[in-house]
Amino acid sequence: MSKRLQPKDVTALELPDIDLASMPTDLANYFDKCESKLGFVPNVLVAHAFDPIKLRQFSDVYNHLMMGDAGITRLERELIAVAVSSRNRCHYCLVSHGQAVRELSGDPMLGEAMVMNHRVAELSHAQRVMLDFCVRLTDTPEAISEADRQALRDAGYSDRTIWDIVATASFYAMSNRLAIGTGMKANPEYHARSR
C-alpha cells in the first residue's frame, strides 16, 4: 500500500491526504487487513480516514451490522444493502454491495437482478417480505405501521430480527446519502469480481 492515501481521488471533496505513517495503529492494521483480504481498501474507508474518530465509528457500526450476530444471514444483510441502495440510486453502494451479493450467493444473476429491482430476483417468500419492508421504509418511512412489522413476523422473523432488519436498512439509507453527497467513487476492482 502507498504511504499516503488521497481521499480527493475517491470523493468530489478536497479532503486532507492521509499519511499512513501517522495513522493510528488500529486503523492502519484495519487497512492492512482489507488490503490482504480484498486486495484493496474500500474507498468508503479511505474517504473517512482523514478523521480517525469518524472512521472508527463508521467501521464499528458497519462491522457490527454486517458481520455480528443477527437473525438474518450475511447474504440477507447484503440483499438489504442493495435493495435500499437501488431505491436511493447510490452508485457506490450498488457496485460494492452488488458484488458482495454475487460473491456470497455464488449467483451473478442474483446480484444483477438485485441492483435493478429486487422484485425480479429469485428470493424466498421471507426474503421478499423483508426486502419489501426495507423498500417501504426507504421510500415512505412515515407510512410504516404495525401491519408492516406484523407482515415480517408472519414471514417468520422475530422482533429481535426485525430490529436487525430495520437497523441495516437505516444504516444504508445514511450511507447512501453520504456516498451520493460526497461524490464517492466505487473501487474499480468491484466491477469484475464474482462474475
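**Ground rules.** I'm working on a predicted model, where local features need pLDDT of at least 70, side-chain atom pairs count only at pLDDT 80 or more, and totals for chains, interfaces and linings use all residues. Residues are numbered from 1 along each chain as its sequence is written, and side-chain values use heavy atoms, with hydrogens and water left out.

**H8 and H9.** Helices here are DSSP runs of H or I with at least four residues, numbered from the N terminus. H8 covers residues 146-154 and H9 residues 159-182; they pack at about 115°, axes 10 Å apart. Axes are lines fitted to C-alpha atoms over the stretch in contact, and angles run from 0 to 180 degrees between N-to-C directions. For contacts (heavy atoms within 4.5 Å), I noted Arg149, Leu152 and Arg153 in H8 against Asp159, Ile162 and Ile165 in H9. That contact has three nonpolar, no polar and three charged residues. Classes: Ala, Val, Leu, Ile, Met, Phe, Trp, Tyr, Cys and Pro are nonpolar, Asp, Glu, Lys and Arg charged, and the others, Gly among them, polar.

**H4 and H5.** Next I checked H4 (residues 74-88) and H5 (residues 91-105), which pack at about 150° with axes 9 Å apart. That makes H4 roughly antiparallel to H5 (the term covers angles over 145 degrees). H4 passes H5 in a left-handed crossing. The H4 side of the contact includes Leu75, Leu79 and Val82, and the H5 side includes Leu94, Val101 and Leu104. I get nine nonpolar, five polar and two charged residues for this contact.

**Asn88.** Asn88 sits in H4 and counts as buried because its relative accessibility is 16% (buried is under 20% relative accessible area, exposed over 50%, partly exposed in between, with a 1.4 Å probe and protein chains only). Leaving out residues up to four places away in sequence, Asn88 touches Thr138, Ala173, Asn176, Arg177 and Ile180.

**Positive phi.** Most residues other than glycine have a negative phi, yet I came across two exceptions. Arg89, in the loop between H4 and H5, has a positive phi of about 55°; at 68% relative accessibility it counts as exposed. Ser194, in the segment after H10 (189-192), has a positive phi of about 60°. Ser194 is partly exposed, at 26% relative accessibility.

Notes:
Helices (H or I, at least four residues) and strands (E, at least two) are DSSP runs, numbered from the N terminus. Angles under 35 degrees count as roughly parallel, over 145 as roughly antiparallel, 65 to 115 as roughly perpendicular and the rest as oblique. A crossing is left-handed if the near helix is turned anticlockwise from the far one by less than a right angle, and right-handed if clockwise.
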